[in-house]
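Morning, everyone. The structure goes up first.

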Amino acid sequence: MTDATDLTRMYLVDPDQPFPPVELADPSGLVAFGGDLSPERLLDAYSAGIFPWYNPGEMIHWYCPDPRSILVPTDLRVSRSYRRAVTNADYGVTMDRAFAEVMSHCAGPRGEETGTWIGPDMMAAYLRLHHVGHAHSVEVWRDGDLVGGLYGVACGRSFAGESMFSRARDASKVALYWLCAQLTAWDFPLIDCQIPSSHLTSLGAIDLPRADYLRLHTQAAARPSLPGPWQFEIPVPNSPNHIPA
């Protein structure tokens, strides 16, 4: 967008300035830029189906793309090899045990990639959100070491998945499996995967028009929240041989 009126509308000047309507987003899904990463601003964003996504050093960009990728927890696609990785149980799994470490690993380079969108300001902001009970992590442990995990933000009964990592084969998929199992038990109808990807599609994620996603998300987000710290309330592998004391 280059129109001056559009740019003025999209720029968040004041801390209390509301986000523009997501229907006015540009073709990339960009709704607004500027503002801050305070817990209040982040919670307003996630409530509206908006999330920050930008490179370190850039101005904050806020997105609500169309289409939107979601995963219904009960629809997680578990292949034979995936199920073996889960049922092998050569690991322990926890929730909200090591949020900062999970996020730090998610921010690390992957393969030949050298950059990351999770900069120091994002890490500090989501750690604050975790401390007030809205950002959560799942950790996978083996022999006392953190080998995989994921983190995201809960808004009512809608969970926005932000990132995951693996330091051992299928460790992030193990974390996702148990997250889906627990969210199913808690009656969460969706995990917001945000941006479509072939990897997520292979695990059962589907793409919805933004309007359809917002309808589902708004209904789920309006339901009572489960403040953190979270703990598994279903039986999970938790051998003390794997989970640090």
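Start at Tyr11, which lies in strand S1; helices (H or I, at least four residues) and strands (E, at least two) are DSSP runs, numbered from the N terminus. This is a predicted model, where local features need pLDDT of at least 70 and side-chain atom pairs count only at pLDDT 80 or more, while totals for chains, interfaces and linings use all residues. Residues are numbered from 1 along each chain as its sequence is written, and side-chain values use heavy atoms, with hydrogens and water left out.

At 34% relative accessibility, Tyr11 counts as partly exposed. On that scale, buried means under 20% relative accessible area, exposed over 50%, and partly exposed in between, with a 1.4 Å probe and protein chains only. Together with Val13 and Met59, Tyr11 forms a nonpolar surface patch of about 280 Å² accessible area. Patch members have over 30% relative accessible area and no salt bridge, and nonpolar side chains (Val, Leu, Ile, Met, Phe, Trp, Tyr) are joined within 5 Å, like charges within 9 Å. A salt bridge is a side-chain nitrogen of Lys or Arg within 4 Å of a carboxyl oxygen of Asp or Glu. The areas are Shrake-Rupley values with a 1.4 Å probe, and for residues only the protein chains shown count as cover.

Now the rings. Rings of Phe, Tyr and Trp (its six-membered ring) pair if their centres lie within 6.5 Å; planes under 30 degrees apart are stacked, over 60 edge-to-face, the rest tilted. That rule gives eleven aromatic pairs. Phe19 is in the loop between strands S1 and S2, Trp62 is in strand S4, and the two are 43 residues apart. Both Phe19 and Trp62 are buried.

Phe159 and Trp230 are a tilted pair, because their centres are 6.0 Å apart and their planes at 35°. Phe159 sits in strand S9 and Trp230 in the segment after helix H8, so this pair ties together parts 71 residues apart in sequence. Relative accessible area is 1% for Phe159 and 3% for Trp230.

Last, helix H6, residues 171-185: its 15 residues reach 22 Å from first C-alpha to last, close to the 21 Å expected, which is 1.5 Å times one less than the number of residues. Eleven of the 15 are buried, so H6 is largely enclosed by the rest of the structure.
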